[in-house]
Structures are given as C-alpha cells and as structure tokens.
Amino acid sequence: MTPRSVCDHFWERASESLNHHGGVSTACTGGDPLPLYDTVPPIMEITIDDENHQGSGIDGENSIFLFSILRDGLSYLAACPGEISPLLVIEFLHRVADIFVDYFGSPVDESSIKDNFSTVYQLLEEMVDHGWPLMTEPNALQAIIRPPDVMGKLLSAVTGVSDSTVRVPSGTLPNIPWRMADVRHNPNEVYLDIVEEIDAVVDIVGNVISFDVAGSIQIQSKLSGIPDLLLTFKDPTIIDDCSFHPCVRYSRFASDNIVSFVPPDGNFQLMRYRVRPSALQMGFTPPIICTPLLRYGNRHANIEDAVNRNEDLKGTIDIKLTARSISTLFNMESRKSSVSIEDVSVIIPFPKIVKTANLKVNMGKVLYDETTKVAKWTIGNLDEKMRLQLTGEMKLDSTKRPDEHPSLSVTWKIPSSSLSGLAVGGLSVTSESYRPYKGVRNIAKSGRFQVRCS
C-alpha cells in the first residue's frame, strides 16, 4: 500500500512555487503559458519510512517515484513503487485529465471533481487495472459510464439516488475500442484543424534567437456507421517525427504517406508531428513586434546611492506592441486580406526586488498579482494599424539589487495561416454510401513564445 504521506512531500515542494500551486498548465488547451517558473519537477523520488511499504529505491531504501502534472490549477499525481517508463505515466495522467474534460467540460477544477466525485471514481476504476492503464478511449468509457447531464443531476438531487445509478448505460463494448457501436448522425460531417505552434526566443529588437515548430491535427467527426477515411497531404515531406492515434494504420502511412483510419465519434487528436528543419530554411519572422524596456532606480541617481540614503527605489516599465505587416506565415486563404491576430496577451513576470507595480495600458486590460509578481496584459484582437503600449512605475526593495531580467511571454493565434505550409490534399470517406460535409482549416499560434527584456 502506498502511504498517504507521499502527498505531504509533494505539497511541501509545491508550496515553494506559487505558480505551480495556483497557476495554469502549459498543457491545458487554450491556456496561458504559465507557470514561467516551476520548481516542482515532474518526477520525484521520495523515501518512505513505513514497514508495510516495500519499494525499490536506488540505494536499497523504501522509496516511491512520484509523477505529477498540472492542468487548470489542479495537480494530478501518480505514485509508482518501482522503476517505470516516465513518459508512460505522464501521458496517462494527461489522458486522465483529457477524459475529465470530455465528461465535465473545461476547465476541470476542484469544484468539478467534488461535484462529480462518484463519476471520477468510476472512471479511475475503468482506466486503471491493478496499477496498469487499461481503458483510455473516451468512446469506450462512455459506453460504460454515461457523462453526467443536467437532468440526471436534478433527478439525483430530488430522489437522493446517485446519477450513475439512475442512468444505466448499455455496458456493451464495441468491436472497435475507440468507436461506439451503432453511431447515427444527421447530417454527416467531419471537420479537420491543422494547428501549428511555435516555440521561440526573441530578443528586444525582434530578432529570433531560436525557434521550433510542432503541430497537431484535431478532428471533429460526426459520421454514421463505421466510415473509413483517407487523408492525404500536398507535401508530406514537411512532416517529421510524428505520432498517431491508435485508429491510424501506421503501415499505410509508412509506405505511401497516406493516413488511413476509422475515426472515433466526436473530437479527438489524429496525430502530432514536428516540422522538418529543411522546410523552415527561410527562418521565422514573428507576426508581432514586442519591445519591452525596464529601468531600475531613480533617473539621476544610481541604486547604491539610493540604498545608502535609505530612499525608496522606483523603476519604470514601457512595453510597445505592434503587428508586423510582413511575416513568414503562409496565408492558406485564396483571397488576400490583412493579417488579423487573435487572442493576444502578454505575461509579464517581475523580478523579486519589485514590491508593487502601478500599470496602465492604452488598450485592453492589465491585471497585476501581488503574490506571484506576475502581470497579465489581455489585448484580444490586433491588426497592423494598432499601436499598443503598456507603461507603469514599480516600487523596488531598497535593500536589494536587480539580479534577474525575466522574459516576457506573448500568446497569439492567427486563423487561416500556417507556419510550415502544410495543406490537405484530399479527405475521402469509404465503406459508407453517404457523402458527408467536409471542412478543413489551418491555425498558427504561439507555444512558448518568449521575448527577452533589456
């Protein structure tokens, strides 16, 4: 048995990082790139002083390997008594979090877990068998455990009977593990999104120091029966280091670069990939120009003199943000139009010497957290004609010198654009007589997009 004290070890470490304890995970879909600093490693080895526990520590001691991820401010932990593949455990924890989102909606926070505790317990019982992952496909789980709905919760509140007892599912597993049996839709339609993210480090003048592009293909399938889909690309050589959903026939892709699969019903991720470096020989020009400028100390005096006179030190911050008229993004629309950048926001972590900050913006809104010393500037949409600016003053700790310059993190999204130029050549449906409606779109967005400060 794993003692509950392992959680105490985790929370002691997590308490050292307020961003981890209450931040937002980078793995969260549509989340902000927080935490910028995280002192909690994803894997920790904890020594347990318990005679009933027999672990397999490296030094022969009783120890447990504790794996953790952070999603929507909620920590997911897995305790393993022996050596195991770390990626297996971390991927399983992310799959658990994704299943909770499918069942309870996004975001899945503490209140969602408490309100649906019986369903959470049933899901974990089906997903894990004697400590090993067993069933992780949403369609298969929904055939056994029905997702909660409003009517079921109202009936549960009136009758006092749990929602899972009132609404008994079919309990029969389909022949294909990832797809429910007897699926019927009217109309039949399938939508495909090619989402590409770029991780980049940019200096203060806008020059790209390093960057890397990865992508994923998200599908929303509403097809009746058991359709067989064939997906082709105009230039499949762009794709490198790819991984697929279990529904994909990998041998077909390895032989002729055609993605053949029977899709699950609903939303799912078909594949993930990295962009081959040869496809990015032209480099990368960011669609946004962010120029941060931070000054510490008074204008006519240095920090040492102010410290000797026991004066309150002040600093200033000035951030300018504009959209670049020309970038290396591929416009996937046939018509020419101006670049429209959506969901723009800037995360500004302040150094430890900053006591407080008074910030103003000419557009959007800014919120400064005194506890974490992090400000978030939410802008929304940005076009080439807009000139955005954030200004403010900082009150500094007069007993310390600035010894760090945290980088800003900028998030953005541009629809109908691509970072690599990957485009769909064709999407056909076989083994069914109907002709579904098909939609394809490209989305370019930021991943860990950091701008260094002066």
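Reader: How many aromatic pairs does a search of the whole structure find?
Author: This is a predicted model, in which local features need pLDDT of at least 70 and side-chain atom pairs count only at pLDDT 80 or more, while totals for chains, interfaces and linings use all residues. Residues are numbered from 1 along each chain as its sequence is written, and side-chain values use heavy atoms, with hydrogens and water left out. Rings of Phe, Tyr and Trp (its six-membered ring) pair if their centres lie within 6.5 Å, and planes under 30 degrees apart count as stacked, over 60 as edge-to-face and the rest as tilted. Searched over the whole structure, the aromatic pairs come to ten.

Reader: Which kind of aromatic pair do Trp412 and Phe449 form?
Author: Their rings are 5.8 Å apart, centre to centre, with 85° between the planes. The pair links distant parts of the chain, 37 residues apart, with Trp412 in strand β20 (residues 408-415) and Phe449 in strand β23, where strands (E, at least two residues) are DSSP runs numbered from the N terminus, as are helices (H or I, at least four). The pair is edge-to-face.

Reader: Are Trp412 and Phe449 buried or exposed?
Author: Buried means under 20% relative accessible area, exposed over 50% and partly exposed in between, with a 1.4 Å probe and protein chains only. By that scale, Trp412 and Phe449 are both buried.

Reader: Which element gives the largest share of the lining of the largest cavity?
Author: A cavity is a set of points on a 1 Å grid over the protein atoms alone where a 1.4 Å probe fits but cannot get out, and lining residues have an atom within 4 Å of a point. The largest cavity, of about 40 Å³, is lined by Val202, Gly206, Pro286, Ile288, Ile289, Cys290, Phe449 and Val451. Both β12 (288-296) and β23 (437-451) give two or more residues to this lining. The largest share, three residues, comes from β12.

Key: 1 Å grid on protein atoms, 1.4 Å probe; cavity = no way out; pocket = protein on both sides within 12 Å on 5 of 7 lines; lining within 4 Å. Points joined across faces, edges and corners; volume = space filled by probe spheres on them.
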